[in-house]
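Visitor: I have a model open and would like to go through it with you. Can we start with the terms?

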Amino acid sequence: NQTIQFGNQTISTPGVYYNILQGTDVCDSVIQLSVSLNCQPTTFTCPSIVALVNEGPNEPEHPSYIALINTITGALGTQIAVVDSLGVELKSLNGIALNSADGFAYAQYQKVPTRQQAIDSLLATGNFISRSQLIKIGANGASLNLGTLSPPITAGLNTHAMVGLLGTADNSNNYYVVAAEGNASFLPDTITNFKLYLGKITLPSITPVYSEIILDNSCDAFRQAFIDAIRGGADAGAQDMVWDPNSNKLLLYSGTDKVLGVVDLIANTGTCITDATGASTTTNLGGLAIDSIGQMIALESQVGQVWRIDTRGCIDGNPGTPCVNSVTQINSYTVNGNSNTRTDAASCIVACEKPAITKRNFITCVNVPVQLSISTPATDYTWGIYAGNGALINTSTATPIYANSVPGTYKVYVTVENNTGCQNADSLFVTVVNKPDTTKFTAQLCSNKDDSVIFNGQIIKDAG
């Protein structure tokens, strides 16, 4: 809200201004004044979930806005334009992440090349390289361009691209980016020898350290989505990723295929889990964030919808076992009144404090029900067993009942949740044994003699 007086001009916005000074002869003097915003990015407050939204479609490019997301309702707050030091609005940003170490957001700008541009580059140089710009963003919308991000360039491959759609950050000052390589052919359009990379940038450095990610066969949908992204800029399946502080893994989700991707940061491998619960189908989930209890907030591009995705354990009840548990629309949004949008999202959180569980194992006889229990400050319970492992009732109570007709040792799972929504899971064992045989014996004692009978270690002298 400051102004500058320049001659007879009152200046309140960035730009280039001129003032003419009358000379003593036919030549006047012209003074040029360049005005920029001396507004540094301000930090976000963690924990936060932030949206990065643009009007769609991808072309022509549109200004980018940031907005906080209400983690309960999914509602977007005030949308603030992202601007450079001259107040110029930045357009088509993507791959946003919130860095808890310094409190700033980081995103990428990458101009999507046309097919012809890629062909021309291959014909001229034998290589096509697509780079991105790393942008630092404050909560006030002010931004700084930190420089260029380059993909790996491996000899023998002719296409090397940043996948600027994806970005996330952990709680250790690391910003993760994605890049890919392959051999491109345009008659027909194919990508062979495809390689996928995860780049780790330890801020404030802007140099990625790349590791190749090996996707297993369950990830064909994601693999094809990444191939489409570097071949023609399509992003229907490879839209965003998010770091999960509860598991220290990266999560991706394709709403079209209803597939959850899980990237192990230690093994540099990716596995994919398909929907087994009949979750709702979405299309272009361009933004993924995660809350402290492990549920994702997803923004759907083109239609302006907000979804909650529960990816906590479906099979064994363990919230650390990822799955597609439920996909529920919780809100909607627009950009300048337009629901045709492009979007991204990021989160700055810490793992929730899990409620403690103290347990013990149980033993019972065949067909004899046993009441199970644990000690925990949590208030909600979900007990479970694998199919064929007996019968379990009252599974939403603190004291379920277990029974089995077959001897053996069986694992029972329990997930508990406290009043903040934070979950923990554990398991205990129930050993089922056969009932001991009950055989009757008879013996006689003489009443006039000092007779006795020894039975199971007992000396018996009287009838009974």
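Guide: Two strands pair if DSSP finds at least two bridges between them. Helices (H or I, at least four residues) and strands (E, at least two) are DSSP runs, numbered from the N terminus. This is a predicted model, in which local features need pLDDT of at least 70, side-chain atom pairs count only at pLDDT 80 or more, and totals for chains, interfaces and linings use all residues. Residues are numbered from 1 along each chain as its sequence is written, and side-chain values use heavy atoms, with hydrogens and water left out.

Visitor: OK. In β33, what is the bridge partner of Thr 364?

Guide: Val 432. Thr 364 lies in strand β27 (residues 362–365), which pairs with strand β33 (residues 423–433) in the parallel sense over four bridges.

Visitor: Which side chains of β27 are buried?

Guide: Phe 362 and Thr 364, which point to one face. Buried means under 20% relative accessible area, exposed over 50%, partly exposed in between (1.4 Å probe, protein chains only). Cys 365 has 25% relative accessibility, so it counts as partly exposed.

Visitor: How many disulfides does a search of the whole structure find?

Guide: Two, where a disulfide is a pair of cysteine sulfur atoms within 2.5 Å. One is formed by Cys 46 and Cys 348, with sulfur atoms 1.5 Å apart. Cys 46 sits in the loop between β4 (29–35) and β5 (48–55), and Cys 348 in strand β26 (residues 341–348), 302 residues apart.

Visitor: Is Cys 46 buried or partly exposed? And Cys 348, buried or exposed?

Guide: Cys 46 is partly exposed at a relative accessible area of 33%, whereas Cys 348 is buried at 1%.

Visitor: Where are the cysteines of the other pair, Cys 219 and Cys 272?

Guide: Cys 219 is in the loop between β17 (214–215) and α2 (220–232), and Cys 272 is in strand β21 (residues 269–274), 53 residues apart. Their sulfur atoms are 2.1 Å apart, and both residues are buried.

Visitor: What is the torsion about that S-S bond?

Guide: About 110° for Cys 219 and Cys 272, so this disulfide is right-handed. The link of Cys 46 and Cys 348 is right-handed too, with 90° about the S-S bond.

Visitor: Switching to helices. Which residues of α1 are buried?

Guide: In helix α1 (residues 115–125), Ala 118, Ile 119 and Leu 122. Seen down the axis of α1, the buried residues fall within an arc of 100° (taken from the directions from the helix axis to the C-beta atoms), so they line one face of the helix. On the other side of α1, Ala 124 and Thr 125 are exposed.

Visitor: What covers the buried residues of α1?

Guide: The cover includes β10 (128–130) and β14 (174–186), with contact meaning heavy atoms within 4.5 Å. Just after α1, Gly 126 takes a positive phi of about 85°.

Visitor: And the open sheet with β8, in what order do the strands come?

Guide: β8-β9-β11-β12, with antiparallel pairing. The edge strands, each pairing on one side only, are β8 (93–98) and β12 (143–149). β8 pairs with strand β9 (residues 105–109) over four bridges, and Leu 93 has Tyr 109 as its bridge partner in β9.

Visitor: Last one: how many helices and strands are there in the protein chain?

Guide: Two helices and 35 strands. Of the 464 residues, 45% count as buried.
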